[in-house]
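Trainee: Could you walk me through how to read this structure? I'm new to it.

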Amino acid sequence: MPTRTRFTIWRPLATAAVTLLLAAFLTPATASAAGTARTRESLPRYSYADAVREAVWVDTGLDGDGDGRTDRVAVDIVRPREPAAQGRKVPVIMDASPYYSCCGRGNESQKKTYDADGHVVQMPLFYDNYFVPRGYAVVGVDLAGTNRSDGCVDVGGRSDVLSAKAVVDWLNGRARAYTTRTGTERARAHWTDGRTGMIGKSWDGTIANGVAATGVRGLRTIVPISAISSWYDYYFQQGAPLYDSGPEWLSDYVDSPEARARCAAVQQRLVDGAPRTGDLTALWAERDYVKDAAKVRASVFLVHGMQDLNVRTKHLGQWWDALADHGVRRKIWLSQTGHVDPFDFRRAAWVDTLHRWFDHELLGYDNGVDREPVADVERHPDQWVTSATWPPRGTTATTLRPAPGGEAGVGTLGLRRAPGTETFTDDPALDETDWAAHLDRSTPEKAGFLTAPLTRDLRLAGSPSVTVTATPTTATAHLSAVLVDVGPDTIRDYAASGEGITTLTDRTCWGASTPGDSACFKEAAAKTVDVGATVVSRGWADLGTSADPGHGVPLTPGRAYTLTVDLAATDHVVPKGHRLALIVAGTDRDLIDPPADRPTLTLDLARTSARVPLVGGPAAFARATSGKHPAVPFASTGVAEPRTAARVP
């Protein structure tokens, strides 16, 4: 079903009314602070070299490190000097991050640098270089426990989220800030109108999601890039562990040296609250932003790589759907990359779109960005299509059913239920690329089911799921369910080190520079690979959670269990001549951890199915699988196996 959108509130008549109100209540200087309604864009008319650079410490009201005083978080500000000198106020673009000192931001791992007075010299990324001359302030917040902030990192919990929320409150006159970390001299945000947009990739974008889910006033928009929507789903999926460590490792990774010395109690709470059993605990409930989607006031511009194996697109799908359920205005970009910023896979279009988005959301310009298609989707490397809504109108969840084929483990996939069984044995040494490479023949570690070669293109758009009825031979079992486009293609090499991009040596410049903060960044190009099959969507689960998704129990060997596995959101066209395949297997090496045992599982095919969001629904599937089309020769080439290196959001 098509999802709802609130873009319709920005119609020409409504915009005309807003323009009249602005004309009536704003001074001429304010109305032209960063452009005019006639130009419909903010222009670079302010000096970046002369910009005000200052630091304040915002009181969060929390005492995360237990030292008897409330924590203050460091806020570095770059803002145009001229508007404040003329009594005019500017909006804020804010990136709250744990990475400003430990690890760096962006493809070039930039860190904050400071002058002798402690004022920021280099603010990472292009936001300040580009937007400050256009009349925006850019604010970089050190999350509690990182860089120059007090407190402790609690990995998406109250400390993380409320330390960033406190800054939005301060920008809107509702919180206190000071000119030093320990002093008493107050700092006031007299230079801003309070309108704030949050942006960031990965953990930074996750904090934007979390702050938006508090419903804080003054936060007008967020732009989360490859961001987490529920931290449980970062570490587990339906009880299956995705990593061999918990949030305490990540906290220690970004903690400042001071925080490591004083935050042992917080570290222990992270260990105790996130047991490796995969149970849903109060710790995870606190870090679930999806459940609070009804509180979101801000518009949301989501960006995600459909092959992101770090922050999987399950985060995108469940967040997008929850926001739709509550009428939140949304826009989305979906790339073929892994965990990559759009600045590095579609730079010129990204800067232009982000510019117009902030102009619309923070300055109120009627520039038409709200009337453009909601979704941009990368169909092939550097080839993009749009959809007026996402998923597109006419998309319907279609139940596809496996059936036995001519040999064991190589079945068919269609609309009709069929009796039969398939059996496989978990092999933790193999992964989805191995399974896909052997879809045309029987192998003991997976069960595969393929459609006939398609006579028409078939588009999947949204979040699939697979319901499995399986009988294990052991007390523990993990399941993987994978949808595969079987046929030759050239795709971004998402499993390579650049996750679909190659960093070049040439630089392009996006904004103004100073000796300490260059606006020029290395270009990137698509890194591609020729494949014979493409994994479209994937999901995992512990079979022991079949009765209760929040709590796993030992299995009874020989007993059948039914479980629905949520798969990652996607938008993919299976071309004419290709085949769509469903794989059900055990451990997906390096993407989930293996169970304690090595089970053999028997699938009841009559009680196993995939619900796939297809544009055109069952009728489109029936048309695409009717008639005859020459089979594409099967080729086993594919991307490399997923990297085993530890991932951080």
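Predicted model: local features only at pLDDT ≥ 70, side-chain atom pairs only at ≥ 80, totals over all residues.

Trainee: How many bridges join strand E9 to E10?

Mentor: Two strands pair if DSSP finds at least two bridges between them. Here, E9 (residues 192–201) and E10 run parallel and are joined by six bridges.

Trainee: Is E10 largely enclosed or open?

Mentor: Buried means under 20% relative accessible area, exposed over 50%, and partly exposed in between (1.4 Å probe, protein chains only). In E10 (residues 219–225), six of the seven residues are buried, so the strand is largely enclosed by the rest of the structure. Across the protein chain, 61% of the 649 residues count as buried.

Trainee: How many helices and strands does the protein chain have?

Mentor: Helices (H or I, at least four residues) and strands (E, at least two) are DSSP runs, numbered from the N terminus. The protein chain has 15 helices and 31 strands.

Trainee: What does the C-alpha trace span along its principal axes?

Mentor: About 80 × 55 × 45 Å for the protein chain. As for contacts (heavy atoms within 4.5 Å), among those with a separation of 6 or more, 78% link residues 24 or more positions apart.

Terms used:
Residues numbered from 1 in each chain as written. Heavy atoms only, no water.
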